[in-house]
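Subject: Structure handover

Hi there,

Here is the structure I promised to pass on. Please have it open while you read, as my notes follow below.

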Amino acid sequence: MGARVRALLLALLLWPGAAGYNNPFDWTVQFGEVTSKPWFWNPWTYSNLYKVVDIIINPKYVRAFHDIALLRLDSSVSFNQYVQPICVLSSNSKFLHRPDCWVAGWGVLDENQTALPPPYSLREAQVTVLNNTRCNYLYSQYSFQSLFSEFSFCAGSEDGKVDTCSGDSGGPLVCDQDGLWYQVGIVSWGDGCGRPNRPGVYTNVSFFFHWIQMQMSRSALGPEPSRPLLLALLWAHRLLRTA
């Protein structure tokens with residue numbers, strides 16, 4: 001990909017900030033799995049597992065604001081055809097109003113909390129990334145204050161036919177550009193699921209580009225400064241509580 005990937009110990013995701021979730025030794029990360037409930041006897045279930053040794057939460061995190069964290073893993077991630085790094089840019093402007101970005105997750109199917117059926121496979125949906133002027137306009141129609149600033153954006157479809165739902169939080173919103181995949185957002189929250197004029201709300205990864213870069217530099221694991229950031233960030237990531 002033209003750059004030496006040295007940031008293999010970091011993964012990016014929305015992180016629950018409540019007390020009791022921040023002990024890194026209570027967590028493991030599995031790469032390359034597409035079901036949230038893998039078969040116990042499947043040897044793949046026990047492969048690509050990594051221990052978490054540090055959780056770096058953004059210092060400005062308050063509930064749904066600045067909700068982003070980095071995980072440092074105990075060893076470098078082994079890449080294969082199913083597990084690949086993803087790029088991060090310092091601006092997401094090139095992806096605004098594009099209707100061909102993708103979000104993935106294992107959340108419920110609707111507001112009635114209809115659970116994902118067996119085999120509990122990862123679902124994906126094509127969404128449009130909206131600018132914050134449009135997002136604030138849509139949400140202001142229902143007496144909400146202006147919610148969107150540089151650190152967040154909304155995406156989905158204005159008619160409510162495509163959206164994320166409960167359990168999808170932390171999932172990636174990604175866009176393809178010239179054959180490279182970029183993580184543009186992280187599923188954060190929403191007003192219900194699939195409601196008209198209520199597109200889902202996402203953490204704007206680009207806003208935190210320099211914060212991510214600073215954390216990577218501190219661990220001497222960052223990419224060359226002239227290159228886009230490359231994170232060991234799985235398309236189909238799964239977190240497991242071990243306690």
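Let me begin with His97, which counts as partly exposed because its relative accessibility is 47%. The terms here are simple: buried means under 20% relative accessible area, exposed over 50%, and partly exposed in between, with a 1.4 Å probe and protein chains only. His97 sits in the loop between E5 and E6, and its phi is near 70°, a positive value in a residue other than glycine. Helices (H or I, at least four residues) and strands (E, at least two) are DSSP runs, numbered from the N terminus.

Before going further, a word on the source: this is a predicted model, where local features need pLDDT of at least 70 and side-chain atom pairs count only at pLDDT 80 or more, while totals for chains, interfaces and linings use all residues. Residues are numbered from 1 along each chain as its sequence is written, and side-chain values use heavy atoms, with hydrogens and water left out.

Backbone points

Asp178 also has a positive phi in a residue other than glycine, near 55°. Asp178 lies in the loop between strand E9 (172–177) and E10, and it counts as exposed because its relative accessible area is 73%. There is a cis peptide bond as well, from Pro118 to Pro119, with omega near 5°. Pro119 belongs to the loop between strand E6 (101–105) and strand E7 (123–129).

The chain as a whole

The chain has two helices and 13 strands. Of its 243 residues, 49% are buried. The accessible surface comes to about 12100 Å², and carbon and sulfur atoms account for 54% of that; these areas come from the Shrake-Rupley method with a 1.4 Å probe, and for residues only the protein chains shown count as cover. Taking contacts (heavy atoms within 4.5 Å) between residues at least 6 apart in sequence, 70% join residues at least 24 apart.

Aromatic residues

How many aromatic pairs does a search of the whole structure find? There are eight, where rings of Phe, Tyr and Trp (its six-membered ring) pair if their centres lie within 6.5 Å; planes under 30 degrees apart count as stacked, over 60 as edge-to-face and the rest as tilted. One of them is the edge-to-face pair of Phe31 and Tyr50, at 5.4 Å centre to centre with 90° between the planes. This pair links distant parts of the chain, with Phe31 in the loop between E2 and E3 and Tyr50 in strand E3, 19 residues apart. Phe31 and Tyr50 are both buried.

Tyr139 and Trp189 make another edge-to-face pair, at 6.1 Å centre to centre and 65° between the planes. Tyr139 is in helix H1 (residues 132–140) and Trp189 in strand E10 (residues 180–189), so their pairing ties together parts that are 50 residues apart in sequence. Tyr139 is buried, with a relative accessible area of 0%, whereas Trp189 is partly exposed at 27% relative accessibility. Phe65, Phe151, Phe207 and Phe208 form one aromatic cluster.

Two lysines lie over tyrosine faces: Lys37 over Tyr120, at 4.5 Å from the ring centre, and Lys94 over Tyr182, at 6.0 Å from the ring centre. A charge sits over a ring if NZ of Lys or CZ of Arg is within 6 Å of the ring centre and within 35 degrees of the ring normal.

A surface patch

Trp41 is in the loop between strand E2 (27–30) and strand E3 (49–57), and it is exposed, at 62% relative accessibility.

Two more residues to look at

Asn80 is in the loop between strand E4 (69–73) and strand E5 (86–88) and is partly exposed, at 27% relative accessibility. Leaving aside neighbours within four places in sequence, Asn80 is in contact with Trp44 and Asn48. Ser152 is in strand E8 (residues 152–156) and is buried, with a relative accessible area of 7%. Not counting residues up to four places away in sequence, Ser152 touches Asn132, Leu147, Val201, Tyr202 and Asn204.

Best wishes
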